[in-house]
Amino acid sequence: MRKQKKSLRNELNVPQKAVMYLVLLVIVLIMALPMWNVIVVSTSSRLSASQSGIKLWWDSFSLDGYEYVFTVTKLLRPFLNSLFVTTVATVIQVILSSFAGYVLIQKDLPFRGLITSFVMLTMMIPGDLTLISIYQVNKQLGLLNSYTGLIMNGLISGFSILLMRNYFTTVPYSMAEAARLDGAGEIRIFAKMFLPTSLPGLATVFFMEYVSKWNSIMLPATLITDQDLYTLPLMLKSMIQSDSSVSGTAIAPDNAVMAAIIITTVPLLLIYIFAQKYLLEGMNLGAEKG
């Protein structure tokens with residue numbers, strides 16, 4: 001066993017390792033430099049931030065951009081809107097995906113293969129193609145410019161359902177059958193046997209869907225015109241667009257726009273830090289099942 005490990009470690013020679021590390025370094029720089037530029041610009045003065053080019057260090061440190069964001073653009077309301085809508089919608093979606101995934105592993109489910117294929121088919125349809133029909137349906141139901149419309153749309157995800165189904169298949173089905181013989185109901189079997197063993201899957205679905213809903217702009221832009229209901233992506237869009245001639249408001253300075261981007265990213269980073277353990281386990285297990 002030790003010899004096998006040794007051979008695996010020595011599989012790459014020095015030039016190959018150097019090339020591999022160089023490629024990884026380039027990838028890290030490509031990913032890190034834009035974010036570092038955003039941080040530097042967001043904490044620079046208005047004059048310094050307006051200068052063209054990538055900024056990797058401060059000419060003059062300033063928090064004016066963050067002050068502008070909370071006093072002039074009033075980003076707190078869109079932030080709370082995004083926090084409320086995204087959290088409620090994601091929690092409901094995780095619950096629904098778990099129930100659907102549990103149903104799809106039942107051996108006596110009629111047309112189980114056909115239903116699974118239909119769920120997979122929904123993943124092939126681009127979401128942008130359905131925006132017009134989504135708008136019409138929400139208009140007829142009176143859900144435009146409402147929290148309910150933002151929460152209800154997109155509650156079902158074929159990817160999340162199939163992911164939870166894959167995790168539930170790791171639980172021996174014979175255990176569920178034995179529990180049924182002992183008189184346990186389906187809700188109890190689901191809550192006591194399947195959910196506790198699928199925490200990595202739940203964390204993976206929660207994180208991926210939370211990020212998707214938090215960053216969503218097409219659906220809110222389709223359903224929302226009331227600025228009091230703006231989410232963070234919509235507010236960022238209005239800050240970046242040159243619409244001063246239409247709205248009569250001044251265009252936000254570059255340091256304020258970058259500050260808003262940083263504020264938008266912070267909740268996702270915090271969620272990733274707390275869910276990192278379960279997320280990595282979930283993605284690894286999902287890859288093995290795939």
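Mentor: Let's begin with a word we will need: a contact means heavy atoms within 4.5 Å. Helices are DSSP runs of H or I with at least four residues, strands are runs of E with at least two, and both are numbered from the N terminus. This is a predicted model, where local features need pLDDT of at least 70, side-chain atom pairs count only at pLDDT 80 or more, and totals for chains, interfaces and linings use all residues. Residues are numbered from 1 along each chain as its sequence is written, and side-chain values use heavy atoms, with hydrogens and water left out.

Trainee: What makes up the secondary structure of the chain?

Mentor: There are 16 helices and 0 strands.

Trainee: What covers the buried residues of α11?

Mentor: The cover includes α5, α9 (158-168) and α10 (173-181). The buried residues in α11 (residues 186-194) are Ile 189, Phe 190, Met 193 and Phe 194.

Trainee: How do you know that they are on the same side of α11?

Mentor: Their arc, taken from the directions from the helix axis to the C-beta atoms, is only 105° around the axis, so they share one side of α11. On the face turned away from that buried side sit the exposed residues Ile 187, Arg 188 and Lys 192.

Trainee: Why is Asn 255 called buried?

Mentor: Buried means under 20% relative accessible area, exposed means over 50%, and partly exposed is in between (1.4 Å probe, protein chains only). Asn 255 has 2% relative accessibility, so it counts as buried. This residue is in helix α16 (residues 254-289). Leaving out residues up to four places away in sequence, Asn 255 touches Val 41, Ser 42, Ser 44, Ser 45, Arg 46, Ala 49, Asp 64 and Gly 65. Across the chain, buried residues make up 37% of the 290 residues.

Trainee: What makes Phe 111 exposed?

Mentor: Phe 111 has a relative accessible area of 63%, so it is exposed. Its place is in the loop between α5 (76-104) and α6 (112-122). Phe 111 also has a positive phi of about 55° although it is not a glycine.

Trainee: Why is Asn 145 called partly exposed?

Mentor: Its relative accessible area is 31%, so Asn 145 is partly exposed. Met 120, in helix α6, has 40%, so Met 120 is partly exposed too.

Trainee: What makes a nonpolar surface patch here?

Mentor: A patch needs residues with over 30% relative accessible area and no salt bridge; nonpolar side chains (Val, Leu, Ile, Met, Phe, Trp, Tyr) are joined within 5 Å, and like charges within 9 Å. A salt bridge is a side-chain nitrogen of Lys or Arg within 4 Å of a carboxyl oxygen of Asp or Glu. Here the patch is about 1,100 Å², and its residues include Leu 22, Trp 36, Ile 39 and Trp 57. Ile 39, found in helix α2 (residues 14-42), has a relative accessible area of 31%, so it is partly exposed.

Trainee: Where does UniProt list a "transmembrane region"?

Mentor: The unreviewed entry lists several, including residues 21-39 and 147-168. Such annotations may be inferred rather than shown by experiment. In this model, residues 21-39 are 100% helix, with end C-alpha atoms 26 Å apart.

How values were computed: Accessible areas come from the Shrake-Rupley method with a 1.4 Å probe; for residues, only the protein chains shown count as cover.
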